[in-house]
Amino acid sequence: MSGQTRYRMDLIAPEFSARVQNDEPMSKHTSWHVGGPADLFFTPRDGMDLAGFVRHLAQRVPLLWIGLGSNLLVRDGGVRGAVIATHGALSALERVSATRIHVQSGVPCARLAKQCVKWGLGPAEFFAGIPGTLGGALAMNAGAWEGETWRHVIDVEVLDRSGVRRTRQPADYEISYRRVRGPADEWFLSANLEFERKPGTNEAAIRELLERRKQTQPIGEWSCGSVFTNPPGDHAGRLIESAGLKGYRIGDASVSEKHANFIINHGSARAADLEALIEHVQRTVAATHGVELNAEVRIVGEAA
Ligand SMILES: Cc1cc2nc3c(=O)[nH]c(=O)nc-3n(C[C@H](O)[C@H](O)[C@H](O)COP(=O)(O)OP(=O)(O)OC[C@H]3O[C@@H](n4cnc5c(N)ncnc54)[C@H](O)[C@@H]3O)c2cc1C
């Protein structure tokens with residue numbers, strides 16, 4: 001593990017220390033099932049509890065907020081600092097008017113999609129295809145089947161590094177395909193989202209979309225979904241496949257035979273294998289097609 005400073009329990013206020021884990025393996029919290037230990041790992045009770053935790057934590061401790069880890073490659077040396085897990089914590093989901101809902105950032109997108117169907121609101125079916133939380137979807141501008149998260153955002157509530165909560169508007173962010181840039185050192189607590197009344201929407205339609213996706217993507221295997229964003233006017237999967245990389249393997253990680261923009265951990269891959277494979281795909285596609293592929297997945301942490 002690198003010589004970076006490790007952050008320990010003595011930095012945690014006594015009222016929180018019983019609920020903070022030391023050296024929590026991040027492989028338990030990522031859909032690729034890889035990642036070394038986080039120095040400190042905290043699951044808050046609610047937004048107020050989380051604001052208190054952040055306020056009491058020394059400013060020098062770096063924070064990483066995570067949802068369901070479905071777009072996250074954590075390196076084998078783990079995370080120096082504190083990881084904040086929103087899933088299972090910030091889980092309120094309520095209708096606030098005929099077409100508007102309030103969603104906390106730990107709510108799984110699949111639950112959001114289902115509830116909108118029950119309320120007769122849409123188009124929210126696309127959220128069913130995103131196996132992460134609303135917080136991750138806001139950070140990534142996640143989308144599927146022509147739908148995109150930020151098209152529905154009225155405003156968001158954020159928490160900053162001093163533990164101060166504030167409301168922000170979409171105009172405070174630069175938003176594009178799978179990319180959101182906003183004020184530094186702020187994270188999403190919740191959002192107000194707007195939909196249309198769509199009484200015709202039903203769960204069978206969601207099931208059908210998911211079923212169709214299963215035919216073309218390796219759903220059920222350990223992956224992070226699409227590894228690379230699509231370059232303008234093309235598909236990363238097409239470029240990778242035509243560069244002859246389907247099935248290419250490093251350690252226990254390989255480019256999926258079913259969909260070339262997916263990389264699979266077959267069980268014992270390390271983050272280093274996955275990262276080496278990502279870099280190999282980028283080099284090969286650049287050499288074959290002259291196209292630079294950008295990673296959609298977020299790569300964090302220290303090498304082993
Ligand atoms: C099988 C599969 C299929 C997928 N299909 C799609 C798809 O169709 N479309 C799509 O867009 N994505 C897809 N993904 C990728 C992934 O599900 C999305 O990017 C999702 O939005 C990530 O949410 P998460 O909660 O898992 O975020 P994480 O992976 O936990 O985090 C992702 C990033 O968001 C940040 N983050 C998380 N929560 C917060 C917060 N509250 N505030 C600020 N930052 C935060 C993290 O720090 C990190 O940088 C797929 C993944 C898998 C495994």
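**Exercise 1. Find which residues touch the most other members of the largest nonpolar core, and which elements build this core.**

Solution. The core has 31 residues. I101, L112, F127, V156 and L193 touch the most other members. The model is predicted. Next, take the elements that give two or more residues: β7 (100–104), α3 (109–119), α4 (134–140), β11 (153–160) and β15 (186–194). Of these, α3 gives the most, with five residues. Now follow I101. Leaving aside neighbours within four places in sequence, its contacts include L112, C116 and W119. L93, V96, L121, A191, L193 and F195 are also among them. Finally, look for a separate core. A second one holds 24 residues, including I263, L274, L277 and V297.

**Exercise 2. Describe how β11 joins strand β12.**

Solution. Strand β12 covers residues 165–168. Four bridges join β11 to β12, and the strands run antiparallel. Then check the turn. Four residues lie between the strands of this hairpin, and G163 takes a positive phi near 85°.

**Exercise 3. Classify the aromatic pair of Y173 and F188, and decide whether each residue is buried or exposed.**

Solution. The whole structure has eight aromatic pairs. In this one, the centres are 5.9 Å apart with 40° between the planes, so the pair is tilted, lying between the limits of 30 and 60 degrees. Y173 sits in the loop between β12 and β13 (174–176), and F188 in strand β15, 15 residues apart. Y173 has 10% relative accessibility, so Y173 counts as buried. F188 has 12%, so F188 is buried too. Elsewhere, F16, F42 and F53 form one aromatic cluster.

Definitions and conventions. Residues are numbered from 1 along each chain as its sequence is written. This is a predicted model: local features need pLDDT of at least 70, side-chain atom pairs count only at pLDDT 80 or more; totals for chains, interfaces and linings use all residues. Side-chain values use heavy atoms; hydrogens and water are left out. A nonpolar core is a set of buried Ala, Val, Leu, Ile, Met, Phe, Trp, Tyr and Cys residues joined through side-chain atoms within 4.5 Å. Buried means under 20% relative accessible area, exposed over 50%, partly exposed in between (1.4 Å probe, protein chains only). Contact means heavy atoms within 4.5 Å. Two strands pair if DSSP finds at least two bridges between them. Rings of Phe, Tyr and Trp (its six-membered ring) pair if their centres lie within 6.5 Å; planes under 30 degrees apart count as stacked, over 60 as edge-to-face and the rest as tilted.
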